Protein chains: 2
Amino acid sequence: MTRETDRRQAAEQLALSLVGAGMQRMGARVLSAFMFTEQESLTAGELADELGVSAGSVSGAVKMVAQMGLIERIHVAGSRREHFRVRDNAWTTLYSRQHSVVDDVLRAVEKGVEAVGPGHARDRLEYMRDFYTFLLNEAPVLVERFERQRRGGSRP
Amino acid sequence: MTRETDRRQAAEQLALSLVGAGMQRMGARVLSAFMFTEQESLTAGELADELGVSAGSVSGAVKMVAQMGLIERIHVAGSRREHFRVRDNAWTTLYSRQHSVVDDVLRAVEKGVEAVGPGHARDRLEYMRDFYTFLLNEAPVLVERFERQRRGGSRP
DNA sequence: GCGAACGTTCAGAAATTTCTGAAGACAGGG
DNA sequence: CCCTGTCTTCAGAAATTTCTGAACGTTCGC
């Protein structure tokens, strides 16, 4: 079944690129598996099979990805197992999360501006501060624009 | 000299937050040192002293940060040493770099869309693709808007 | 050209992250 | 209640990343 091989390969490729973007390895593989399954949801056991890793690894990775708000636990009648699926807004959520690290950087820079007297260092830090402030303000606007655009069709 | 201690501490804090944003440890420390020095530029030796690390570490970190386009080599008359300084556009450059990893993700997702037939997986992947495409288009616009705004004063 | 000052490279040590497997907790059916 | 299937936790193994120190280049003044 070469179709199936292709699918898995594409999933692994996506996982790799997410790792490149700063995600943990196993978290990325789990998230990617959720993206590529034809099922509505997956259990921890199914993930372990699909990825060929231990139950422990899956447990840790699922926990982390869930905490990031990228997947959610759902209840499936007649099944004792825990089912999970990607959330609709996973990608905008992920993007927003990256902006909480931007926020950390910004706070550090602001402390820096206070810690130095006038001079070269101050000038550099103020420039940096201005850019990061700008980013932090504009990012939510961007996400909202995407959502509105997608909701309302191509052009209202 | 408590002022000096404050400065170093603020520098280390900034480095830490940059690490949180995905930078290598030593690269972040080097970049932060450049931000916080009152001098116009620094040599590799000065960096090693300031950070208390080996010359080898500095060499590697400087090389990487320079390749990222965040610092530049400058020639100082009457000095045999290599001087470096942060580039003005370091932060917009760093932001743009992050969008080259977004580009990687997008390419992987597009391959994914091709690899699966119609169904749940396809739907999820298409949504993801649309968002990343949107991001990739809008990011440069954002940067340009920042630069124009900063250049031209608050409102021309 | 020689010597001194700097910078670079790289093999291996150290630290950190990641994964596993086994033991245990928990829920629900019988 | 106990048993079974499922998930979680965690100590330690494995893999990976990061740093160092010593050997080697390079450049410039003399």
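This report describes the chain contact, the domains and the DNA-facing surfaces of a predicted model.

**Contact between the protein chains**

Chain A and chain B touch through a contact to which chain A gives 40 residues and chain B gives 40 residues. On the side of chain A that touches chain B, at least two residues each are supplied by helix H1 (2–20), helix H2 (25–36), helix H5 (90–115) and helix H6 (120–151) of chain A. Among these contributions, H6(A) provides the largest share, with twelve residues. Sorted by class, this side of chain A holds 21 nonpolar residues, together with nine polar and ten charged residues.

**Domains of chain A**

The domain assignment divides chain A into domain 1, which covers 3–86, and domain 2, which covers 90–150. Taken over C-alpha atoms, the centres of domain 1 of chain A and domain 2 of chain A are separated by 31 Å. Where these two domains of chain A meet, four residues of domain 1 are in contact with four residues of domain 2. The side of domain 1 of chain A that touches domain 2 of chain A consists of three nonpolar residues and one polar residue, with no charged residue.

H4(B) gives the largest share of the surface near DNA strand C, namely six residues.

DNA strand D is surrounded by 22 residues, and the closest of them are A:Gly56, B:Met26, B:Val53, B:Gly56 and B:Ser57. For the surface near DNA strand D, the elements giving two or more residues are helix H3 (44–51) and H4 of chain A, along with helix H2 (25–36) and H4 of chain B. Here the largest share, six residues, belongs to H4(A).

| Surface | Nonpolar | Polar | Charged |
|---|---|---|---|
| Near DNA strand C | six nonpolar residues | nine polar residues | five charged residues |
| Near DNA strand D | six nonpolar residues | ten polar residues | six charged residues |

Notes:
Residues numbered from 1 in each chain as written. Chains lettered and ligands numbered in written order. Predicted model: local features only at pLDDT ≥ 70, side-chain atom pairs only at ≥ 80, totals over all residues. Contact = placed C-beta atoms within 7 Å. Helix = DSSP H or I, 4+ residues; strand = E, 2+ residues; numbered from the N terminus. Nonpolar A, V, L, I, M, F, W, Y, C, P; charged D, E, K, R; others polar. Domains from an automatic or database assignment. Near = placed C-beta within 6 Å.
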